[in-house]
Amino acid sequence: MSNEMLDQNFWDDHYKNNTTAWDLGAISPPLKDFFDAIEDKDIAILIPGCGNTYEASYLLDQGFTNITVIDIAPTLIKIIQNKFATNLHIEVILGDFFKHQGEYDLIVEQTFFCALPPEMRQQYVAKTHQLLKKNGLLAGLLFDRTFDGGPPFGGDKAFYQSLFEGAFEILTLETAKNSVLPRADKEVFIKFKKNSDVHATVIKVENQNLVLTDYVTTLTAGLEIINSSVNTLSNEVLIVSTEEINLSKAFDLNGVQFKTVV
Ligand SMILES: C[S@@+](CC[C@H](N)C(=O)[O-])C[C@H]1O[C@@H](n2cnc3c(N)ncnc32)[C@H](O)[C@@H]1O
């Protein structure tokens with residue numbers, strides 16, 4: 001399914017029709033254990049693609065004071081805005097994660113990455129990197145299995161390692177210990193620390209019919225590249241570099257149009 005299909009209407013229809021098979025109805029046990037070990041309850045936490053966000057409810061019950069949740073589905077957001085209307089410790093946002101601005105100590109991953117079209121994965125890395133404060137953490141669960149079609153879209157440890165390394169220090173990437181039964185041994189717990197010494201940039205090429213990788217060398221000439229990967233549509237590249245990328249020179253490349261998307 002393409003990016004255009006997995007839009008606001010697609011997700012909102014699922015909430016309208018009550019076809020939310022991903023919804024666990026409770027906080028995922030590995031996340032509960034992770035939250036229980038956090039001492040500072042004032043850290044700024046973001047939960048993207050939050051759904052019914054049992055995670056946020058749990059965090060509030062434990063006394064956490066600075067939670068932001070964001071989801072693109074209006075029907076859902078209306079419900080959770082009502083639910084948390086009188087709570088000053090949570091902000092509920094209707095919006096696109098990729099357009100969101102802010103600064104967080106922790107971003108929580110719970111079946112959001114797997115819901116995105118695979119071509120968005122490079123953007124996910126750069127966006128989470130951008131939204132985290134120095135040494136901030138991206139933590140949560142990712143599937144360790146494949147699916148027929150999607151969403152959800154699967155992955156495995158080796159893929160996650162190669163996608164995130166460089167932009168993040170991989171602190172934990174291991175099979176989750178106490179997953180809910182249907183996901184037992186089929187999901188990994190991740191704890192990735194933002195590498196604040198690097199920039200993570202996604203560059204999109206507007207012209208079709210060209211091999212993006214041919215241009216990566218030119219785009220990054222003179223830069224120290226820590227990691228790079230091209231998305232599944234071969235029209236975006238994630239570049240992790242010690243210096244910021246100056247795109248102005250890219251417009252000299254024989255009329256090929258590039259733009260920074262994250
Ligand atoms: C598979 S559901 C998971 C919901 C929740 N995390 C859970 O585990 O129950 C994916 C969620 O991501 C939301 N979503 C999809 N694309 C989004 C985007 N670009 N920005 C924000 N939310 C998005 C959908 O509306 C949906 O609620």
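This is a predicted model: local features need pLDDT of at least 70, side-chain atom pairs count only at pLDDT 80 or more; totals for chains, interfaces and linings use all residues.
Figure 1. The peptide bond leading from G150 to P151 is cis, with omega near 5 degrees. P152 is found in the loop between β5 and α6 as well, and the bond from P151 to P152 is likewise cis, with omega near 0 degrees. Most residues other than glycine have a negative phi, and most peptide bonds are trans.

**Figure 2. The loop between β4 and α5, with T111.** T111 is placed in the loop between β4 and α5. Although T111 is not a glycine, its phi is positive, at about 45 degrees.

**Figure 3. The open sheet of seven strands.** The strand order is β3-β2-β1-β4-β5-β7-β6, and the pairing is mixed. β3 (90-94) and β6 (168-175) each have a single partner strand and stand at the edges, so one side of each is left without a neighbour in the sheet. From one strand to the next, the twist averages 15 degrees.

Figure 4. Strand β4 (residues 104-110) runs parallel to strand β5 (residues 132-143), and six bridges join the two. The chain passes from β4 through helix α5 (residues 121-131) to β5, a β-α-β crossover that is right-handed. Strand β7 (residues 187-194) is antiparallel to β5, to which seven bridges join it. L137 also stands opposite K193 in β7.

Figure 5. Helix α2 (residues 29-36) lies across β4, β5 and β7 and runs at about 155 degrees to β5. Helix α5 also packs on the sheet, where it touches β1 (45-48), β4, β5 and β7. The direction of α5 makes about 140 degrees with that of β5.

**Figure 6. The crossing of helices α1 and α4.** The axes of helix α1 (residues 8-16) and helix α4 (residues 74-83) come within 7 Å of each other and cross at roughly 55 degrees. This angle makes α1 oblique to α4. D12, Y15 and K16 of α1 meet P74, T75 and L76 of α4. By class, this contact comprises three nonpolar, one polar and two charged residues.

**Figure 7. The open sheet of four strands.** The strands follow the order β9-β10-β8-β11, with antiparallel pairing. β9 (225-230) and β11 (258-260) are the edge strands, each pairing on one side only. The twist averages 25 degrees from one strand to the next. Five bridges join β9 to strand β10 (residues 236-241), and these two strands run antiparallel. In this pairing, I225 stands opposite S241 of β10.

**Figure 8. The shell around the ligand.** The ligand is surrounded by 20 residues, of which W11, G49, G51, F97 and A115 are the closest. By class, the shell holds 12 nonpolar, five polar and three charged residues.

Notes. Residues are numbered from 1 along each chain as its sequence is written. A residue is near a molecule or strand if its C-beta atom, placed from the backbone, lies within 6 Å of it. Ala, Val, Leu, Ile, Met, Phe, Trp, Tyr, Cys and Pro count as nonpolar, Asp, Glu, Lys and Arg as charged, and the others, Gly among them, as polar. Two strands pair if DSSP finds at least two bridges between them. A crossover is right-handed if, with the strands pointing away from the viewer, the path from the first strand over the helix to the second runs clockwise. Axes are lines fitted to C-alpha atoms, for helices over the stretch in contact, and angles run from 0 to 180 degrees between N-to-C directions. Angles under 35 degrees count as roughly parallel, over 145 as roughly antiparallel, 65 to 115 as roughly perpendicular and the rest as oblique. Two residues are in contact if their C-beta atoms, placed from the backbone, lie within 7 Å.
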